[in-house]
Amino acid sequence: MIYADNAATTRVSDSVFEKMLPFLRDQYGNASSQYSLGVKSKRAIEIARRQVAVAIGADPSEITFTSGGSEANSWVLRCVAENHRNEPMHVITSTIEHHSVLNACHTLEQSGLEVTYLPVNRFGQISVEDIATAVRPHTKLVSVMLANNEVGTIQPIAEISRILKDKGIVFHTDAVQAVGHIPVDVSTLGVDYLTASAHKFNGAKGTGILYKRTGLPLAPLVFGGEQEKGLRAGTENVAGIVSAGYAIEESVDVMACEAKRLKAMVESTIAGIKEKIPSVQVNGDSENRLPGTVNLGFDGVSGESLMHLLDLKGVCVSTSSACNSGKNEPSHVLLALGLTEQQANSAIRISYGKYNVTNDVVNIIKAVYEAYGKIKENN
Ligand SMILES: *Cc1c(COP(=O)(O)O)cnc(C)c1O
């Protein structure tokens with residue numbers, strides 16, 4: 001099997017798995033218990049918090065663990081909106097955000113908030129000037145993702161934050177696809193809230209990260225005990241949190257090298273497919289893109305059929321995003337890039353990660369070519 005859908009989720013790193021294992025077996029103490037078994041869990045959580053903080057240039061006190069990226073995104077948007085409940089509020093976001101941000105915005109709109117969904121150019125890039133123009137006197141929140149999950153485009157977050165500076169506008173970035181893959185530093189980016197998810201960088205599923213700059217408010221998400229400073233009550237997912245800590249550390253350690261390796265693999269994949277199928281299109285940005293992710297358009301061929309035929313050959317890729325699959329709707333991201341519905345439906349995303357090897361490239365090129373040929377034959 002070749003797994004090339006690392007933007008959907010990743011396999012837990014072997015070394016991270018070893019670090020998690022004790023907390024699923026012998027060290028199962030509740031982190032709130034006062035005896036040593038519990039204290040060990042508590043300590044493991046605090047080590048993970050420090051590892052995460054170091055990796056993104058934050059202070060450990062600024063890190064809260066959640067159940068995932070979706071929860072963290074929903075929490076930030078709800079919370080900022082709640083803080084301005086009794087005044088007019090305007091939010092700026094983009095048309096290519098993850099559904100956890102977009103659907104949160106739609107819900108906020110229903111409760112009377114105004115939301116501007118900024119367009120992107122054909123590379124998937126948001127314009128900094130558009131942000132500046134969209135700011136209104138009662139704009140309270142801007143939420144723009146650092147890297148897109150479907151096409152991999154990286155947004156100019158640091159430049160956007162400079163525009164927003166001293167305007168009293170809270171700036172959030174969904175960095176789920178970026179953390180562990182490209183350099184992420186909360187000070188350089190100038191963001192107030194940043195969200196990430198362990199399973200996108202070879203940690204376990206079910207653990208998210210919410211960074212909140214010191215001094216900013218965060219209302220509790222779950223009521224109950226004092227876990228996560230009383231902000232998110234409930235017995236902690238210790239093994240998951242431990243995975244987040246070690247996985248982020250490991251990813252950052254090898255990042256420069258890995259980025260080069262994955263980028264080279266993506267480039268040869270594009271070149272190899274282009275050689276056999278000259279009409280193939282790269283959707284998104286060729287420059288400002290995540291190293292391991294590429295979205296390809298095969299005009300006239302269904303991306304879904306391609307994906308299924310590749311599956312039969314043991315190759316896992318996706319049509320645009322995992323969240324859209326099964327809905328049979330064209331990707332909102334690809335439509336935002338200006339693709340027609342037909343073009344959007346003819347795309348697949350290949351995303352390489354830690355466990356892909358150089359040889360996967362030739363095998364994927366071959367598999368894509370064969371699957372494409374088969375569909376063309378039957379058309
Ligand atoms: C995967 C993803 C999320 C959601 O993270 P979960 O941990 O799966 O809830 C949010 N935003 C982006 C950009 C993602 O790729």
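Arg-213 first. Its relative accessibility is 28%, so Arg-213 counts as partly exposed. This is a predicted model, so please keep that in mind throughout.

Arg-213 has a salt-bridge partner, Asp-192, and the closest N and O atoms are 3.5 Å apart. Where do the two sit? Arg-213 is in the loop between β8 (208-212) and α8 (238-253). Asp-192 is in the loop between α7 (186-189) and β7 (193-197). So the pair ties together parts that are 21 residues apart in sequence. Asp-192 is buried, with a relative accessible area of 15%.

How many salt bridges does a search of the whole structure find? There are 15. Let me take two within helices.

In helix α2 (residues 36-56), Arg-49 and Glu-46 are three residues apart, which means about one helical turn between them. They form a salt bridge, with the closest N and O atoms 2.8 Å apart. Buried or partly exposed? Arg-49 counts as buried at 9% relative accessibility. Glu-46 counts as partly exposed, at 28%.

Now helix α9 (residues 255-276). Glu-258 and Arg-261 are three residues apart there, again about one helical turn. Their side chains meet in a salt bridge, 2.6 Å from N to O. Glu-258 counts as buried at 19% relative accessibility, because the cut-off for buried is under 20%. Arg-261, at 26%, counts as partly exposed.

On to the ligand. Which residues come nearest?

Now the polar pairs. A backbone N or O atom of Gly-69 lies 2.8 Å from a ligand oxygen. For Ser-70, a polar side-chain atom is 2.7 Å from an oxygen atom of the ligand. For Asp-174, a polar side-chain atom is 2.7 Å from a ligand nitrogen. Taken alone, the ligand exposes 380 Å², and the protein buries 87% of that.

Last, Ser-67. This residue lies in the loop between β2 (63-66) and α3. Ser-67 is partly exposed, at 33% relative accessible area. Its side chain makes a polar contact with the side chain of Glu-71, at 2.6 Å. Beyond its neighbours within four places in sequence, Ser-67 is in contact with Gly-206, Thr-207, Gly-208 and Arg-232. Ser-67 and Ser-197 are 130 residues apart in sequence, but 8.6 Å apart in space, C-alpha to C-alpha.

Technical notes
Residues numbered from 1 in each chain as written. Predicted model: local features only at pLDDT ≥ 70, side-chain atom pairs only at ≥ 80, totals over all residues. Heavy atoms only, no water. Polar contact = N/O pair within 3.5 Å; in protein donor to acceptor, adjacent residues only side chain to side chain. Areas by Shrake-Rupley, 256 points an atom, 1.4 Å probe, with all protein chains shown as cover. Helix = DSSP H or I, 4+ residues; strand = E, 2+ residues; numbered from the N terminus. Buried < 20%, exposed > 50% of the residue type's maximum accessible area, 1.4 Å probe, protein only. Contact = heavy atoms within 4.5 Å. Salt bridge = Lys/Arg side-chain N within 4 Å of Asp/Glu carboxyl O.
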